[in-house]
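Please read the points alongside the sequence and the model.

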Amino acid sequence: SAVEYYMDPRNFLLANTVFQFESLKFKESYQNTKGVENVLKNTAMSNSSYSFIDDNTGESKSYTYAETFIKAAEYSGVSPYHLAARVKQEVVTGSNTLSTSVTGTVSGYEGYYNFYNIGATHSTVLGGNIANGLNYAKNGSANAATNELYMIPWNSQYKSIVGGSQFIGSSYINRGQDTIYLQKFNVTPTATYTHQYMANVEAAYSESIKTYSAYSG
């Protein structure tokens, strides 16, 4: 009954839930850092910056999280509002706290980050899903070209957010699953029911409300 309810678009043609049917491609003309900050409001990433060492130049760089999501949108072609809302869905645990998957302090995976929880598959071991995600952040897949495209290893907040956005773009947005709804309930002709983004049956519903809140600001 839960799947039936959340899969039926007619239940969500409302002002705050219709955004699960919005195109998730980058719209440079109106998507900007101010809008990203509205998505990140009341989280530890709001008006917050971080520093990291650029692997290529050895220089120390600093960005706000809002700036980083714009960089990610430029790299992947995905809406920065969607990317910020997805991260908010995945790793925000309170108004001032984030999941350990993005602290860089998990034993065995110090210095690695996974803001989208990519590869964080379910586990019966306590904390196993986070460890699975951080293992992906550290080692990626067996495909070296794919790892390079995704900027793996994700040994900085920047590489996790920007590189991870390319995973979302190439795996979902740019192959037809270009709404939150179609990422969860894949009814496209190019891939069938096995290609959902996450297990949470309420994901499209809750993310659309976060997007609505950002726009209303």
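1. The model is predicted.

2. Which residues does L83 touch, leaving aside its neighbours within four places in sequence? L83 is in contact with F69, A72, A73, S76, V78, Y116, S165 and I168. As for L14, its C-alpha atom is separated from that of L83 by 22 Å, the two residues being 69 places apart along the chain.

3. Helix 4, spanning residues 80-91, is also one of the elements against which the buried residues of helix 2 pack. The others named are helix 3 (65-76) and helix 9 (203-216).

4. Helix 2 itself covers residues 33-40 and is mostly covered, with six of its eight residues buried. The buried residues are G35, V36, E37, N38, V39 and L40.

5. Just after the helix, N42 adopts a positive phi of about 65°.

6. In helix 9, attention may be drawn to S206. Is S206 buried or exposed? Its relative accessible area is 18%, so S206 is buried, the limit being under 20%. A polar atom of the S206 side chain lies 3.2 Å from the backbone oxygen of A203.

Terms used
Residues are numbered from 1 along each chain as its sequence is written. This is a predicted model: local features need pLDDT of at least 70, side-chain atom pairs count only at pLDDT 80 or more; totals for chains, interfaces and linings use all residues. Side-chain values use heavy atoms; hydrogens and water are left out. Buried means under 20% relative accessible area, exposed over 50%, partly exposed in between (1.4 Å probe, protein chains only). Helices (H or I, at least four residues) and strands (E, at least two) are DSSP runs, numbered from the N terminus. Contact means heavy atoms within 4.5 Å. A polar contact is a pair of N or O atoms within 3.5 Å; within protein, one must be able to donate a hydrogen and the other to accept it, and residues adjacent in sequence count only if both atoms are side-chain atoms.
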